[in-house]
Amino acid sequence: MAYVAVKGGERAIDAAHAWLAEERRGDPDVPEITIAQIGEQLGRAVDRVMAEASCYDPALASLAIKQAQGDLIEAAFLLRAYRTTLPRFAAARPIDTDAMQISRRISAIYKDLPGGQVLGPTYDYTHRLLDFRLADGAPPADDSPPASALQDMPKNGAEEGAAAGRMKPVSAILAHEGLIEEDDVADAPPGDLTREPLAFPAGRDLRLQALARGDEGFLLSLGYSTQRGWGGTHPFVGEIRVGEVAIEIDPPELGFPIEIGDIIVTECQMVNQFKGSKAAPPQFTRGYGLCFGHGERKAMAMALVDRAMRAEELGEEVIAPAQTIEFVLSHCDNIEATGFVEHLKLPHYVDFQSELETIRRLRREAEAFASQDRREAAE
Amino acid sequence: MAEGITGPEPNVKRQRWMAVLARASVTEIEALLAGMEPPRPHIRLRGPEIGLVMARGRAGGGGAPFNLGEMTVTRCTVRDAGGRIGHAYVIGRDPRHAELAAMLDAAMQDEARHDRLERMIIAPLAASQAEARAASARKTAATRVQFFTMANMR
Amino acid sequence: MTGLDLPGFADPVGDAQTTFRALLDAMARPGTLHEVADLAAPPPLGAASASVLLTLVDGETSLWLDASCMAARAWLVFHCGAVLTDDPATAAFAVSIGMPPLGIFCAGNDVAPEESATLVVQVEELGTGPAYRFSGPGLRLPSLLQVAGLPEDFPVQWTANHALYPRGIDLVLCAGARFCCLPRSVQIEMG
């Protein structure tokens with residue numbers, strides 16, 4: 001591939017940037033949106049940008065969204081680029097999702113699980129009807145739930161304790177009966193695809209890292225494909241939980257671990273049927289999803305694809321895209337993907353000239369051949 | 001009642017106050033400091049500087065660790081006039097937050113000031129953080145589904 | 001907690017960039033003398049060794065300390081975030097007072113010659129002492145530099161190191177605030 005340096009575009013580029021800035025701002029009679037407004041009112045977009053940029057910083061993600069006019073892939077790109085300018089101080093201890101300060105926790109396999117089903121702030125039971133009251137910024141009409149609904153809750157200590165304290169994952173119930181695979185407890189330092197280029201075969205550590213920052217749309221479609229028979233895994237949502245987890249690091253100068261704050265994450269435990277193999281009895285297996293912010297769809301899709309990619313490990317036939325590790329990992333990063341797709345916009349003048357020459361030559365040769373055929377037929 | 005900073009596990013106390021300071025906002029810390037004598041001068045040994053910490057999860061929730069993604073973190077280390085070293089690491093990009101936390105970490109190691117700082121700064125911050133968690137837990141509990149079985153009327 | 005009494009760079013980003021620029025120039029022109037800005041370095045390190053380490057070493061590079069440098073250990077861990085290693089063969093960087101035997105360090109391999117170690121060696125003085133003659137890439141004409149404190153067999157050790165090219169150790173010689181670089185590509189004779 002060859003690129004040609006072209007001069008003379010600078011003024012055009014300056015003008016394009018100026019117009020872009022004007023377009024980003026929009027009608028100056030409309031108040032300019034603030035970073036705080038984006039952070040507070042477009043939280044799910046902010047969460048998605050943080051997850052796909054692989055960088056947790058709500059204020060920076062909000063800025064990126066503003067700068068990119070709401071183009072979330074562009075915003076993730078901006079945040080990912082900023083990230084590369086910073087030194088890495090430490091790797092945190094793995095987060096303890098059992099100790100999550102839960103805001104949502106549901107299970108599709110046990111109705112009465114310990115700790116209960118906690119809906120949290122969810123769209124699941126909304127009617128998906130456009131709410132025109134939001135358009136006017138009008139106060140909620142009388143039929144909307146009173147804010148007091150949030151206050152009259154049982155101040156019963158046990159209930160509250162369950163929400164605030166440790167909550168065992170649903171998989172622990174099945175583990176008690178030995179009907180589900182156990183977590184592998186190896187504690188080797190995980191691979192890091194931001195430091196070492198991806199190589200295959202990639203272990204589950206690298207796969208999960210790639211999925212955690214993978215494009216939600218891509219993973220959603222792949223997860224969906226497994227449900228439609230392309231590498232089916234018979235999934236059930238064992239559990240989804242959303243909430244705050246503490247981040248703990250071990251600074252060498254202190255000699256003991258310290259908590260440096262909390263982040264919001266979404267976790268999904270998918271429980272999948274497994275018929276058994278030579279090495280393992282029939283049991284449930286698991287797919288795992290974990291991502292920054294409130295990203296339920298992302299975590300669920302991730303868990304489906306994680307399980308699908310374990311096909312070879314579990315002795316299943318690898319027949320579908322979602323099970324093909326190299327296919328998934330090579331294409332799930334939307335920043336790499338956008339770079340390679342969008343690079344097609346760059347000048348390929350020389351490339352194209354040579355293609356043009358080739359086509360012309362082939363055309364001439366084909367015509368010469370055809371006219372020779374005609375002559376021979378006439379003779 | 002004054003316990004000071006010694007005791008069987010001095011690091012446990014320090015871990016606690018460092019965690020409380022990391023979770024507090026600059027506004028809160030400054031408001032509490034305003035009610036006290038001005039802090040003693042310190043010199044910066046490192047930072048405040050912004051960097052990253054790699055967050056990790058565990059496969060399946062309890063298995064082998066994997067890299068989840070990075071987060072912005074600010075750190076600072078200071079030395080106060082008494083030679084005490086204060087460290088801070090806080091999530092986010094607020095240099096003032098890291099420096100205040102480091103300064104208070106150094107001050108909290110001073111036996112003479114520890115109890116007063118604990119009472120005037122750390123305890124109120126910890127209380128407001130506990131209250132925020134409790135409020136959030138109450139909201140969460142309001143969305144807990146209370147299943148009940150329909151009585152069979154026949 | 002010793003070693004934390006001294007700060008690192010006053011302006012971590014700017015000072016590291018300035019030092020890095022000087023290191024690039026020094027590597028490109030083997031044997032030329034360069035100087036770093038003043039820095040309160042932790043004994044026994046001088047300003048040049050300390051600045052070079054602050055610039056090159058971080059939490060993702062392994063550092064081997066010669067026994068002579070242990071007094072600066074806490075400072076290096078704190079300010080560089082260095083990951084210390086006891087095994088010189090696994091070190092990306094090494095620091096020592098006086099020249100350690102080159103053979104104990106990793107010289108890289110033919111697939112990845114860049115994985116070799118870079119040694120920061122503090123010598124007695126640069127600009128006085130026995131003269132060495134340097135020639136090779138980056139030097140139009142051979143250059144001369146006096147270095148006090150290198151072992152007598154240094155030219156012999158270096159010839160063996162140079163013969164490994166493209167593998168081989170790179171050296172940063174430091175004394176006080178001055179330093180010079182000897183990349184593996186340079187040839188050295190007594191001047």
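Reply: We start with a pair of helices: H1(B) and H3(B) cross in the right-handed sense. A crossing is called left-handed if the near helix is turned anticlockwise from the far one by less than a right angle, and right-handed if clockwise. Helices (H or I, at least four residues) and strands (E, at least two) are DSSP runs, numbered from the N terminus. The model is predicted, so local features need pLDDT of at least 70 and side-chain atom pairs count only at pLDDT 80 or more, while totals for chains, interfaces and linings use all residues. Residues are numbered from 1 along each chain as its sequence is written, and chains are lettered from A and ligands numbered from 1 in the order in which they are written.

Me: At roughly what angle do the axes of H1(B) and H3(B) cross?

Reply: Two packed helices are described by the angle between their axes and the distance between the axes. Here the axes of H1(B) and helix H3 (residues 95-108) of chain B come within 10 Å, and the crossing is at roughly 155°. Axes are lines fitted to C-alpha atoms, for helices over the stretch in contact, and angles run from 0 to 180 degrees between N-to-C directions. H1(B) and H3(B) are therefore roughly antiparallel to each other. The cut-offs are under 35 degrees for roughly parallel, over 145 for roughly antiparallel, 65 to 115 for roughly perpendicular, and oblique for the rest.

Me: Which residues of H1(B) and H3(B) meet?

Reply: From H1(B) come B:Trp17, B:Met18, B:Leu21 and B:Ala22, and they meet B:Ala101, B:Leu104, B:Asp105 and B:Met108 of H3(B). Contact requires the C-beta atoms of two residues, placed from the backbone, to lie within 7 Å. By class, this contact of H1(B) with H3(B) has seven nonpolar, no polar and one charged residues. Ala, Val, Leu, Ile, Met, Phe, Trp, Tyr, Cys and Pro count as nonpolar, Asp, Glu, Lys and Arg as charged, and the others, Gly among them, as polar.

Me: How do H9(A) and H11(A) cross, left-handed or right-handed?

Reply: The axes of helix H9 (residues 204-212) and helix H11 (residues 296-308), both of chain A, come within 10 Å and cross at roughly 150°. That makes H9(A) roughly antiparallel to H11(A), and their crossing is right-handed. H9(A) contributes A:Arg207, A:Leu208, A:Leu211 and A:Ala212 to the contact, and H11(A) contributes A:Met302, A:Val305 and A:Asp306. The contact of H9(A) with H11(A) comprises five nonpolar, no polar and two charged residues.

Me: Now sheets. What is the order of the strands in the open sheet of seven strands in chain C?

Reply: Strands of a sheet pair through backbone hydrogen bonds, either parallel or antiparallel. Two strands pair if DSSP finds at least two bridges between them. The order in chain C is E1-E9-E8-E5-E4-E2-E3, with mixed pairing. Strand E1 (34-35) and strand E3 (83-84) of chain C are the edges, each pairing on one side only. Strand E8 (residues 170-175) and strand E9 (residues 178-182) of chain C run antiparallel and are joined by five bridges; C:Leu171 has C:Leu182 of E9(C) as its bridge partner. Helix H1 (residues 12-28) of chain C packs on this sheet, touching E1 and E9 of chain C, and its direction makes about 50° with that of E9(C).

Me: How many helices and strands does chain C have?

Reply: Chain C has four helices and ten strands. Its radius of gyration is 16 Å, close to the 16 Å that the globule rule gives for 191 residues, so chain C is as compact as a globular protein of that length. The radius is taken over C-alpha atoms, and the rule is 2.2 Å times the number of residues to the power 0.38.

Me: Last, chain contacts. Which element gives the most to the side of chain B that touches chain A?

Reply: In total, 48 residues of chain B are in contact with 68 residues of chain A. E2(B) gives the most to the chain B side, with ten residues. That side divides into 23 nonpolar, 15 polar and ten charged residues. Strand E1 (residues 55-56) of chain A also pairs with E2(B), in the parallel sense over two bridges, and A:Tyr56 has B:Met71 as its bridge partner. Between chains A and C, five residues of chain A are in contact with six residues of chain C.
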